[in-house]
Amino acid sequence: METFTLKTFNIPELAGISAKNIEEHLKLYKGYVTNANLIINKINEYGKDREGNSYAISEILRRFAFEFDGMRNHEIYFSQLEGGPKTLQNDSEFKKALINQVMDFDIFMTNFKMLAMTRGVGWAMLYYDRQSGKFLATWVEEQHLGHLTGLSPILALDMWEHAYVYDYPTSDKKKYVEAFFANLNWETVEENYNKAK
């Protein structure tokens, strides 16, 4: 029984991020979807003898967060590249709300890019917390360690080497970060913000 469906993305030619890198990156995304489905099916299979398979069930459930979050993080990431780059308009509700909190959009961008340069593999994420009305940026280790409870990312930047290795050596990952923002469809980020509100 397939539980999660592989999504397709209409990503145009990008500046600074090659079609080869996107092609290979999408293969990894497919693996997360496949493995999340495999785990769901294995849990059902192991459930026929829950006591005998209790260790296997607990271990495979532990792995599920990695595969599931890898799937969902990539769906956000790739959707942000669809439709080509779109700038963030000055009358954007998202931009106005963000500036209201951080005072200056350029400061936000500088800080977020610094977050993306965190050593190790993971994701730079921006969330909106409906309860406090605040934007929160954080580093998510690997795919799943450090997500903020109850919040959906509105901006997701993949900082695993697979996101840029065909285009940049690890010592040049800052160029990948710049390329990502040069290709970002801010209208998608705004849509994510509107859903999070």
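**Exercise 1. Which residues does aspartate 158 contact, leaving aside its neighbours within four places in sequence?**

*Solution.* Work in this predicted model as follows.

- Step 1: find aspartate 158 in strand β3.
- Step 2: list its contacts beyond four places in sequence, which are His25, His74, Tyr77, Gly122, Trp123, Ala163 and Tyr176.
- Step 3: The side chain of aspartate 158 makes a polar contact of 3.0 Å with that of histidine 74, and another of 3.0 Å with that of histidine 162.
- Step 4: Aspartate 158 is buried and has no salt bridge; lysine 173, the nearest side chain of opposite charge, lies 10 Å away.

**Exercise 2. Which residues of helix α5 are buried, and what covers them?**

*Solution.* Start with the helix itself, then turn to its surroundings.

- Step 1: go through residues 173-183. The buried ones are Lys173, Tyr176, Val177, Ala179, Phe180, Phe181 and Asn183.
- Step 2: look for the cover. Elements over these buried residues include α2 (54-79), α4 (105-116), β3 (153-158) and α6 (186-196).
- Step 3: follow tryptophan 186. Beyond four places in sequence, its contacts include Phe94, Leu155 and Phe181.

**Exercise 3. How far apart are glutamate 75 and arginine 72 along helix α2, and is each buried or partly exposed?**

*Solution.* Take the pairing first.

- Step 1: the two residues form a salt bridge, with the closest N and O atoms 2.9 Å apart.
- Step 2: glutamate 75 and arginine 72 are three residues apart in α2, so about one helical turn separates them.
- Step 3: recall the helix geometry. With 3.6 residues a turn, residues three or four places apart in an α-helix point the same way.
- Step 4: compare accessibility with the 20% cut-off for burial. Glutamate 75 is buried at 7%, whereas arginine 72 is partly exposed at 32%.

**Exercise 4. How many helices and strands does the protein have, and in what pattern do they follow one another?**

*Solution.* Count, then read along the chain.

- Step 1: there are six helices and three strands.
- Step 2: their pattern along the sequence is α-α-α-α-β-β-β-α-α.
- Step 3: judge the overall packing. The radius of gyration is 18 Å, close to the 16 Å from the globule rule for 197 residues, so the protein is as compact as a globular protein of that length.

How values were computed:
Residues are numbered from 1 along each chain as its sequence is written. This is a predicted model: local features need pLDDT of at least 70, side-chain atom pairs count only at pLDDT 80 or more; totals for chains, interfaces and linings use all residues. Side-chain values use heavy atoms; hydrogens and water are left out. Contact means heavy atoms within 4.5 Å. Buried means under 20% relative accessible area, exposed over 50%, partly exposed in between (1.4 Å probe, protein chains only). Helices (H or I, at least four residues) and strands (E, at least two) are DSSP runs, numbered from the N terminus. Lys and Arg count as positive and Asp and Glu as negative; His and the chain ends are not counted. A salt bridge is a side-chain nitrogen of Lys or Arg within 4 Å of a carboxyl oxygen of Asp or Glu. A polar contact is a pair of N or O atoms within 3.5 Å; within protein, one must be able to donate a hydrogen and the other to accept it, and residues adjacent in sequence count only if both atoms are side-chain atoms. The radius of gyration is taken over C-alpha atoms; the globule rule is 2.2 Å times the number of residues to the power 0.38.
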